[in-house]
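Hi everyone, thanks for coming. I'd like to walk you through one structure today, so please have a look at the screen.

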Amino acid sequence: MTAAELTFDEQAALTAGVDLWHTAGVDRIGLAGIGVTDGPSGARGAEFMGSASTSLPCGTALASTWNRELIGRVGRLLGDEARARGACVLLAPTVNLHRHPLGGRNFECYSEDPYLTAEIAVAYIDGVQSRGVGCAVKHFACNDQETDRMEIDVVVDERTRRELYLLPFEAAVRRAGVWAVMAAYNRVDGRYCSEHPGLLTDLLRSEWGFDGVVMSDWFGTHSAAALGAGLDLEMPGPPMALGHHLAAAVEVGDVTADDVEQAAGRVRALIERTAPSRVRDGTSEPPDEVARAAATEAIVLLANDGVLPLDASAAAQIAVIGWRAERPEFQGGGSAQVNPPYVISPVQGIADRVGEDRVTFRTGRVAPRPAPISGAVRLDFFAAGDLSGTPLHRDTVRETTAVWIGEPAPGVPSTFSARMATSLTPDVSGSWTISVSGVGAARLYFDGELVGDTTGASSGAGILGLFTTPVEAEVALVAGSTHQVTAELDAAAADGPIAIAGLTIEVRPPIRPDAVEHAVRAAADAEVAVVVVGRDDPETEGLDAASMDLPPDQVELIGLAAAANPRTIVVVNAAAPVTMDWVDDVAAVVQLSYLGQETGTALAAVLFGDADASGRLTTTYPLRIEDAPAHPHFPGRDGTVEYAEGVFVGYRHYDTNGIE
Ligand code: BGC
C-alpha cells in the first residue's frame, strides 16, 4: 500500500508530531507513530529525569579522538539505547561549526573544520543507523550561535556556505545516507530555514538526492507553506501549522494536496525504515566500556614539561585541587543533557587508581558556589495544586534538581504538583545559604518552616533560561546536625508553549576564609598538584558565553598552586577554548572537556600513563578572543549576522595571518 492510498486527513496527520517526542501513525492500516529522542551524547528518552542513560563525551570531545572506528562504536551504543527508550530516531549529530569560540553550543558540535566534522558525523550516523535507528542530523543550516537563535538572519556567501557550513550536511546525506535532517531555527537569506526552498528542496533533495524526512526544530515551524518549501514534519505536536491545519492551507492555496501526499509518504517511509526487522547484524558493547574508551581517547595533552605520566606505583602524595575536581562539568546544558547512572569525578578517578590515602583534596574556593544537595532525594507527584493524600507517583533521584518535559510519569498530568524532600547534614558550622528556583511556582521549607517562595521572581536562569532566579534564605547551622529540606512545585504555574517544569534546591556553605590557604599548603606539601579548573556555569544551549576567560578565582588558584609546587598540572574542565595566560607557569596542561560519566577514570588513565593522551584539539585556541576571525561580526546586530570572515574560520584565519 502506498501513501496515495491514505486519505487526505491521514496524510496530513503524518506531517506533525502528536506530543513532544512522538510522531503520528495511521491506526487504520496498523502504522504506529515513532518516538524520537535527544541527543548527541546520550539517548535520553521521553523524560529529562527518567531512567538513566549512558552519558558520553560531548561532541567536541568525541571529535578530539579523531577516531572513526571508535565513533562508530559510540553510534551503535546510542542506537541501541535510543531503541531501548522507545525511540527510532536520534536527534543527532550536531554538525554546525565552531565559528566563534564563544558559541554556546560549540560543545555539542565537533570542530571549526568542516572536513573533520563530516568524517566524525559519517562514522556516527553509520553506527546509529546500523542499529535500525535513524539520525536527524542538525541544525540545517548555519545555526552557529545561540544569541537570537530563533530569529537571527545569517548572511553568508555561496562559496563559504558550501565549503564550510553545508559540507558536513552534504556528507551526512551523500555518504552516510542519513534518514532525517532537522531544519535550524535561524534564517538564511532572510528566510527561516524550516521554510527555505533553496536549502530544503533545491539543495538537499534535488542536488544531494536526500530521500529522508526534513523535520523542524522544536517549535520552529512558522507556516503551512513550509511544507511546500520542503519541510515534511512539524515537531513537536500538537501542531501549530502542519497536521490538521493543512486542509485549510490547501483550500487557500498555501500548499497543494500533492505536497501533502509527498511529505506524508516520506514520513511513512521513515517509520517503515525503523522497523525492528530492518536492524543490521551486530550488537553494541557494554555502555561503560564504550563511555570509558571514548572519554580516554578524547583527552588532549596541551603541554607537558615531563611531569606526565605520573608514577602510580610510587608512594608520593598527590594534591587534587579545585571544586571542579569534585563536581566536574560532565556535559553541556540544554537538550543534550542526560541523566547518567553515575559520574566519576576527577578526584574519585585519581583516588580509585592510586588509593585514597595518597590523595589530598582541597576545593580551594574563595567563595563557594551554590550546588544541589546530593544524596537520596524523594519526589512525590500529585495532581495539579493538590499536595495532599497519596501521591500519583513516587521517584528517588540523586540530587535536588529536576526537569520534566510533558508528563513526569505515566498517569501524572503535565499540570502536576510535586514535593522534593531530602535532608542536609552540614560539614561546617556557620551561615549557610539555601535557595529554591523553579519552572512553575516553587516554595521552600527548612525543618518545616517556609523560607522561600518564587512567586514574583523573574525567570532567566537554569536550563534554557526557564527557571526563576533563585530565592535565597540564610540559615545558621552546626556541623553534623541533620535538617529536613523540602520544596514544593506547582507545575501548572509555568507559562509558555512548552510543557516544561523544573525544581532546584541549592545550598552554599559559609565562606571558609582559609580554603585557599589550605589548598596552597596541600599543593606545597605534595609531590605533585593537580588543579582542576572550569567555568562557573556550564556551556549551554540557549546562551553564548560572555567571555573566554576562566573565573578570576580559578586563575588565582592556578597561580598560587604553581608558585607553591613547580609540578603543577592544570586540568581544564571546559569544552570550548579558555584563555590560558598562565600556560607557561605550570608543568602540564590537560584539556579535559566534558567527558560524560567516565570523566575521572579517563583522566586517571591519562595522568598515570595507562593510556596514551592521544586526543587532539578540533578547534584553534586563540591567545585572546579579539584574535578570533568572527570576533568583529559576532553575534551580529539588528537581527542579522554577517559571516564576513568568509572561509577564514579557525586555523585558516590564524595561519593566513600569522596569529599565534
Ligand atoms: C534543540 C534541538 C533539540 C530539540 C528537542 C531544540 O531546542 O535546538 O537540538 O533536538 O530542542 O529537544
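Let me begin with a definition: a residue counts as near a molecule or strand if one of its heavy atoms lies within 4 Å of it. A word on where this comes from: the model is predicted, local features need pLDDT of at least 70, side-chain atom pairs count only at pLDDT 80 or more, and totals for chains, interfaces and linings use all residues. Residues are numbered from 1 along each chain as its sequence is written, and side-chain values use heavy atoms, with hydrogens and water left out.

Now, the ligand. There are 13 residues around it, and D38, R105, H139, Y185 and D217 come nearest. Which distances do we get for polar contacts, meaning pairs of N or O atoms within 3.5 Å? An N or O atom in the side chain of R105 is 2.7 Å from an oxygen atom of the ligand. For H139, a polar side-chain atom lies 2.7 Å from a ligand oxygen. And in the side chain of D217, an N or O atom is 2.7 Å from an oxygen atom of the ligand.

Strands here are DSSP runs of E, at least two residues, and helices are runs of H or I, at least four, numbered from the N terminus. Strand β2, residues 89-90, runs parallel to β3 and is joined to it by 2 bridges; strands pair if DSSP finds at least two bridges between them. V89, for instance, has G134 as its bridge partner in β3.

On to the cores. A nonpolar core is a set of buried Ala, Val, Leu, Ile, Met, Phe, Trp, Tyr and Cys residues joined through side-chain atoms within 4.5 Å. The largest has 73 residues, and L90, Y124, F140, V178 and L246 touch the most other members. Helix α4, residues 114-129, gives the largest share of this core, 9 residues. Contact means heavy atoms within 4.5 Å, and Y124 touches, among others beyond four places in sequence, L62, L78, L90 and C135. A second, separate core of 38 residues includes V354, V530, F608 and A613.

Next, the sheet. How many strands form it, and in what order? There are 6, in an open sheet ordered β9-β27-β26-β25-β10-β11, with mixed pairing. β9 (300-304) and β11 (359-362) stand at the edges with a single partner each, so one side of each has no neighbour in the sheet. Neighbouring strands are turned by 15 degrees against each other on average, direction ignored; axes are lines fitted to C-alpha atoms, for helices over the stretch in contact, and angles run from 0 to 180 degrees between N-to-C directions. β26 (568-573) and β27 (588-591) run parallel, joined by 4 bridges, and V572 has Q591 as its bridge partner in β27. Helix α14 (552-564) packs on the sheet, touching β10, β25 and β26, and its direction makes about 170 degrees with that of β25.

Finally, R369. It sits in the loop between β11 and β12. Is R369 buried or partly exposed? It is partly exposed, because its relative accessible area is 26%. Beyond four places in sequence, R369 is in contact with W323, V507, R508, D536 and D553. R369 and D536 are 167 residues apart along the chain, with 7.8 Å between their C-alpha atoms.

Conventions
Buried < 20%, exposed > 50% of the residue type's maximum accessible area, 1.4 Å probe, protein only. Polar contact = N/O pair within 3.5 Å; in protein donor to acceptor, adjacent residues only side chain to side chain.
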